[in-house]
Amino acid sequence: VTDVDSDEIILEWRGNEPRNPASTIKLLTTLVALDVLGPAYRWRTDVFIAGELKNGRLDGDLILKGYGDPYLVTERVWQLLRDIRHAGVTEITGDLLLDDSWFDVGEYDPAAFDHQPLRAYNVAPNALLMNFKVVRYWFEPDQASGAVAVRMDPMLDNVRVENQLGLANSSCHGYQRGITVTTNKAVDEVTFSGRFPNGCKQYAMDRTALSHNQFVYGLFESLWRESGGSFDGNWRNIVVAADAEPLLSFDSLPLGEMIARINKHSNNVMARQL
């Protein structure tokens, strides 16, 4: 413990013993980022169209290309879609094409760290990462029926929820409040089972869902329709030509603001993106 004005050491205990830096290593990551990129650096997400745009109708595909924005959360995606609407697109007759080729992540095992592949802090980096690839599930007991209501945020139509929860007559405690989570990736299904305490008024759990690209598609589809847009297409991966001109570019928050979020909340996923 050192006085910042005088550099005087106020307290020292095992000061020369090597330790695992754990999450404090993020300070090194963010310090290097400030030095190399500068506090005003911004990431961008480019939007392209493949087809004819006339009177709000895009007869063709909409393309999203990511460059690694670490904080393209639901609210920011909503702003991105609003910019697309302002650029004249209200109806999309084709598909959503996704280009996440800017990052070459290689093989990544989300279970390698602690055998918890569904936990939010284990998400792999991705150039078109949205909302950290995480869904927040809300659980509320219904005393009359003995059931537990489950809702998700953001709402993704391509995630199926199998609710097998029952109520337990107990206070609001216990690991995950008695909830067991299992997934079936073959059908994009998440199952909740176990006994949820009726003493809980509400409980929230953050867990990852889908692949990166499936998540982007599900979030786009949900928010686009919510905003009044028309879209019934599917998605696929592409790589945009280097000389293609975007319809618009959506800038991220500046690096200085990103670093505050990374270090204040010790956000592993944002640090990996950076």
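In what order do the strands of the open sheet of 3 strands run? I started there, keeping in mind that this is a predicted model. The order I noted is 7-9-8, and the pairing is mixed. Strand 7 (160-168) and strand 8 (179-184) are the edge strands, each pairing on one side only.

**Entry: strands 7 and 9**

I went on to the pairing of strand 7 with strand 9, which covers residues 189-197. The sense is parallel, and I have 9 bridges written down for the two. For one residue I looked up the partner by name: Leu-167 has Phe-196 of strand 9 as its bridge partner. A reminder to myself: strands of a sheet pair through backbone hydrogen bonds, either parallel or antiparallel.

**Entry: salt bridges**

How many salt bridges does the count come to? I get 14. Side chains of opposite charge can pair when their charged atoms come close. I went through some of them one by one.

Asp-61 with Arg-236: their side chains meet in a salt bridge at 3.6 Å, N to O. I placed Asp-61 in strand 2 (residues 57-66) and Arg-236 in strand 12 (residues 235-237), so this pair ties together parts that are 175 residues apart in sequence. Is Asp-61 buried or exposed? Its relative accessibility is 15%, and because the cut-off for buried is under 20%, Asp-61 counts as buried. Arg-236, at 38% relative accessible area, is partly exposed.

Arg-136 with Asp-206: here I read 2.7 Å, N to O, for the salt bridge between the side chains. Arg-136 sits in strand 5 (residues 134-142) and Asp-206 in strand 10 (residues 203-208), so the pair ties together parts 70 residues apart in sequence. I have Arg-136 down as partly exposed, with 35% relative accessible area. Asp-206 is partly exposed as well, at 26%.

Glu-140 with Arg-151: the side chains meet in a salt bridge at 3.8 Å, N to O. Glu-140 belongs to strand 5 and Arg-151 to strand 6 (residues 147-153), so this one ties together parts 11 residues apart in sequence. Glu-140 is partly exposed at 29% relative accessibility, and Arg-151 is partly exposed at 43%.

I also found a network of salt bridges, and I noted its members: Arg-14, Glu-17 and Arg-19 are linked in it.

Which residues form the nonpolar patch on the surface? My list reads Ile-25, Leu-28, Val-32, Val-36, Leu-37 and Tyr-41, with about 510 Å² of accessible area together. I picked out Val-32, which is found in helix 1 (residues 26-36). Val-32 is partly exposed, its relative accessible area being 44%.

Then I checked Thr-30, also found in helix 1. Thr-30 is buried, with a relative accessible area of 4%. What lies 2.8 Å from a polar atom of the side chain of Thr-30? I traced that to the backbone oxygen of Lys-26.

Conventions: Residues numbered from 1 in each chain as written. Predicted model: local features only at pLDDT ≥ 70, side-chain atom pairs only at ≥ 80, totals over all residues. Heavy atoms only, no water. Pairing = 2+ DSSP bridges. Helix = DSSP H or I, 4+ residues; strand = E, 2+ residues; numbered from the N terminus. Salt bridge = Lys/Arg side-chain N within 4 Å of Asp/Glu carboxyl O. Buried < 20%, exposed > 50% of the residue type's maximum accessible area, 1.4 Å probe, protein only. Patch = residues over 30% accessible without salt bridge, like charges linked within 9 Å, V, L, I, M, F, W, Y side chains within 5 Å. Areas by Shrake-Rupley, 256 points an atom, 1.4 Å probe, with all protein chains shown as cover. Polar contact = N/O pair within 3.5 Å; in protein donor to acceptor, adjacent residues only side chain to side chain.
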